[in-house]
Amino acid sequence: MGMGDSVAMITDGRFSGATRGFCIGHITPEAQVGGPIALVRDGDLLEINLETREINLRISPEEWRNRGETLRLPPPPVDKGFLGLYCRHVGQADKGAVLQGGD
């Protein structure tokens, strides 16, 4: 889209080698489970501090609360078989993304 030199890509998922420019991946906890990345909206200003390894969403405390109160999480994409088990019980990436229990 021609913005590789002017914006950073931040994702809670994986990204391929086709990316370029400033990229931050595997942000946790993920949006799927209601982590802070789920509250980010198009057009939001994010502050990235490489020295402290922090990313801050620059919205007011009131907006933060409002977004958290109105957040509706999507259902897991798969609910049967091993992938369903994985979706329901896998831990966050920062904890190793391992199964934490079973059905």
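Q: What makes β3 and β4 a pair, and in which sense do they run?
A: Two strands count as paired if DSSP finds at least two bridges between them. β3 and β4 have 4 bridges, in the antiparallel sense. So 4 bridges meet the rule of at least two, and the strands pair. Across the pair, Ile 48 stands opposite Ile 55 in β4.

Q: What kind of model is this, and how are its residues numbered?
A: This is a predicted model, where local features need pLDDT of at least 70 and side-chain atom pairs count only at pLDDT 80 or more, while totals for chains, interfaces and linings use all residues. Residues are numbered from 1 along each chain as its sequence is written, and side-chain values use heavy atoms, with hydrogens and water left out.

Q: How many helices and strands does the chain have, and in what order do they come?
A: There are 2 helices and 4 strands. From the N terminus, the order is β-β-β-β-α-α. Helices (H or I, at least four residues) and strands (E, at least two) are DSSP runs, numbered from the N terminus.

Q: Why is Arg 53 called exposed?
A: Exposed means over 50% relative accessible area, buried means under 20%, and partly exposed lies in between (1.4 Å probe, protein chains only). Arg 53 has 77% relative accessibility. Because 77% is over 50%, Arg 53 counts as exposed.

Q: Why is Arg 67 called buried?
A: Arg 67 belongs to helix α1. Its relative accessibility is 7%. That is under 20%, so Arg 67 counts as buried.

Q: Which residues does Arg 67 touch, leaving out those up to four places away in sequence?
A: Arg 67 touches Leu 39, Val 40, Arg 41, Asp 44, Leu 57 and Ile 59. A contact means heavy atoms within 4.5 Å.

Q: How do you know that Asp 44 and Arg 67 form a salt bridge?
A: A salt bridge needs a side-chain nitrogen of Lys or Arg within 4 Å of a carboxyl oxygen of Asp or Glu. The closest N and O atoms of Asp 44 and Arg 67 are 2.6 Å apart. Since 2.6 Å is within 4 Å, the pair qualifies.

Q: Where in the chain do these two partners lie?
A: Asp 44 is in the loop between β2 (23-24) and β3, and Arg 67 is in helix α1. The pair links distant parts of the chain, 23 residues apart.

Q: Why is Asp 44 called partly exposed?
A: Asp 44 has 21% relative accessibility. That value falls between 20% and 50%, so Asp 44 counts as partly exposed.

Q: What makes Arg 67 and Glu 63 a salt bridge?
A: Their side chains meet at 2.8 Å, N to O. That is within 4 Å, so the pair qualifies. Being 4 residues apart in helix α1, Arg 67 and Glu 63 are separated by about one helical turn. Salt bridges that share partners join Asp 44, Glu 63 and Arg 67 into one network.

Q: Why is Glu 63 called partly exposed?
A: Glu 63 has a relative accessible area of 26%. This lies between 20% and 50%, so Glu 63 is partly exposed.

Q: How do you know that Glu 47 and Arg 58 form a salt bridge?
A: Their closest N and O atoms are 3.8 Å apart. The limit is 4 Å, so 3.8 Å qualifies. Glu 47 lies in strand β3 and Arg 58 in the loop between β4 and α1, so the pair ties together parts that are 11 residues apart in sequence.

Q: How many salt bridges does the whole structure hold?
A: A search of the whole structure finds 3 salt bridges.

Q: Why is Thr 70 called partly exposed?
A: Thr 70 is in helix α1 (residues 61-70). Its relative accessible area is 43%. That is between 20% and 50%, so Thr 70 is partly exposed.
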